[in-house]
Amino acid sequence: MWESRRPLVSAAVSALLRVLLFSGIFLGTPTPALACPKSCHCAERSGLTAVQCTSRNLDHIPADLPRDTAVLLLASNRITAIPSQAFKELRHLQELDLSDNHIETVDAGAFQGVAGSLGSLDLSHNRLRSVPREAFARLQAKVSLSDNPWHCECSLQEVLRELRLDPQTVNKVVCRTAAQEEHTGKPVVQVLNSGVNLCNFHPKTTDVAMFVTMFGWFAMVIGYVIYYVRHNHEDARRHLEYLKSLPQ
């Protein structure tokens, strides 16, 4: 029985330690004012810096973040994009929360410099339809991508193949739209687990273009036949009139 309870106890202890750590951070010694963005609250304990910028009406990621930041909370703002190398100076960053923003674009080098240290990345509840594959290159973090208006096609499949998705929210990564309409409204994982390969899909526009081309050739052939018949008919009529004009 103890063996069966051990994972539960371990998880509970880990959760308790995390709560104590964060409580200690934000009740600990504040960092100097010049080292912290004026719109955020920074605190430090045992060399670990946490920057709290939640619900500060920010429309971009602060540029003057402490270099020893380990926890960066930017949830519930109005941030619309994550530019390239946005966190390149934060070599110790372990947790990044960008949930509940208006993020529509993630540049290819957005997490360059923190891919090795980052353990948790939350991009849930944003406006992401797609992201470049290079944006998450070498990222080892557990990632939450739930509640975004994803467009399910080949590039998204390639991105998800390399990510470690948060198991608690993975079923909330849903196809808002899709290259194939039958996948709309379904969790991406469910679509991929069914054996569907989104990279093997050929858009219907290809079939339409082929049909238009074939119709064009067919119309040309019909036109040529009509012209040929009319032209020969005219020649036959002239030849008949010539024969009638000959002396009997």
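This is a predicted model: local features need pLDDT of at least 70, side-chain atom pairs count only at pLDDT 80 or more; totals for chains, interfaces and linings use all residues.
Residues are numbered from 1 along each chain as its sequence is written, and side-chain values use heavy atoms, with hydrogens and water left out.

**Exercise 1.** Find out how Phe87 and Phe111 are arranged as an aromatic pair.

*Solution.* Start with the rule: rings of Phe, Tyr and Trp (its six-membered ring) pair if their centres lie within 6.5 Å, and planes under 30 degrees apart count as stacked, over 60 as edge-to-face and the rest as tilted. That rule gives 2 aromatic pairs. For Phe87 and Phe111, the centres are 6.1 Å apart with 5° between the planes, and the pair is stacked. Phe87 sits in the loop between β5 (81-82) and β6 (95-97) and Phe111 in the loop between β7 (105-106) and β8 (120-122), so the pair ties together parts 24 residues apart in sequence. Now bring in Phe136: its ring centre is 5.8 Å from that of Phe111 and the planes are at 15°, so this pair is stacked too. Put together, Phe87, Phe111 and Phe136 make one aromatic cluster.

**Exercise 2.** Decide whether Phe87 and Phe111 are buried or exposed.

*Solution.* Check the cut-offs: buried means under 20% relative accessible area, exposed over 50%, and partly exposed in between (1.4 Å probe, protein chains only). Phe87 has 0%, so it is buried. Phe111 has 2%, so it is buried as well.

**Exercise 3.** Work out the handedness of the disulfide between Cys154 and Cys199, and say where its two ends lie.

*Solution.* A disulfide here is a pair of cysteine sulfur atoms within 2.5 Å. The torsion about their S-S bond is about 90°, so the disulfide is right-handed. Cys154 lies in helix α2 and Cys199 in the loop between α3 and α4 (204-245), 45 residues apart. Cys154 has 28% relative accessibility, so it counts as partly exposed. Cys199 is partly exposed too, with a relative accessible area of 28%. To finish, zoom out: the whole structure has 4 disulfides, and they follow the pattern 1-3, 2-4, 5-7, 6-8, with bonded cysteines counted along the chain.

Notes:
Helices (H or I, at least four residues) and strands (E, at least two) are DSSP runs, numbered from the N terminus.
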